[in-house]
Amino acid sequence: LRQQPTFLSLTSQGLIMEKLMASSSTKGEELGNRFIYVGDGSADFCAGLALRAKDTLMPRKDFPVWELVCKNQKLIKAEVHEWSDGEGLEAVLLSSIKRALISYCQHENGNFDEPSAY
């Protein structure tokens, strides 16, 4: 039995994400921190709304957050990569981390081109 989240719980989840992002940002760093957010519940949707284009949202397929992301794609700024089981989560998460590291290394080396395919 799944409980429906209240407006307060959805809002507070997004506020927590925004505070976390603000507290970890580094002044003067163009690239900044990247976030990878993994979730499966409805409340995770609001946290996903706080993500930026350089971040990654990983909703669990066929769960409440996935349904909300599919219905509201235009509201999500982050890259979206779904997963459905533990193996899928591992593969998508490792791929997302790899993309973030490649982008960071390219930035550190002064190469601002798009990351190469992997």
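A salt bridge here is a side-chain nitrogen of Lys or Arg within 4 Å of a carboxyl oxygen of Asp or Glu. The model is predicted, so local features need pLDDT of at least 70 and side-chain atom pairs count only at pLDDT 80 or more, while totals for chains, interfaces and linings use all residues. Residues are numbered from 1 along each chain as its sequence is written, and side-chain values use heavy atoms, with hydrogens and water left out. Searching the whole structure turns up 3 salt bridges.

**View A. Arg60 pairs with Asp40 in a salt bridge.** Their closest N and O atoms sit 3.9 Å apart. Arg60 is in the loop between strand 2 (56–59) and helix 3 (64–71), and Asp40 is in the loop between strand 1 (36–39) and helix 2 (43–49), so the pair ties together parts 20 residues apart in sequence. Helices (H or I, at least four residues) and strands (E, at least two) are DSSP runs, numbered from the N terminus. Arg60 is partly exposed at 24% relative accessible area, and so is Asp40 at 30%. For these labels, buried means under 20% relative accessible area, exposed over 50%, and partly exposed in between (1.4 Å probe, protein chains only).

**View B. Arg52 meets Asp55 in a salt bridge.** The N to O distance is 2.9 Å. Arg52 is partly exposed, at 28%, whereas Asp55 is buried, at 0%.

**View C. Arg99 and Glu79 form a salt bridge.** Here the closest N and O atoms are 3.6 Å apart. This one links distant parts of the chain, with Arg99 in helix 4 (residues 86–108) and Glu79 in strand 3 (residues 79–80), 20 residues apart. Arg99 counts as buried at 17% relative accessibility, while Glu79 is partly exposed at 35%.
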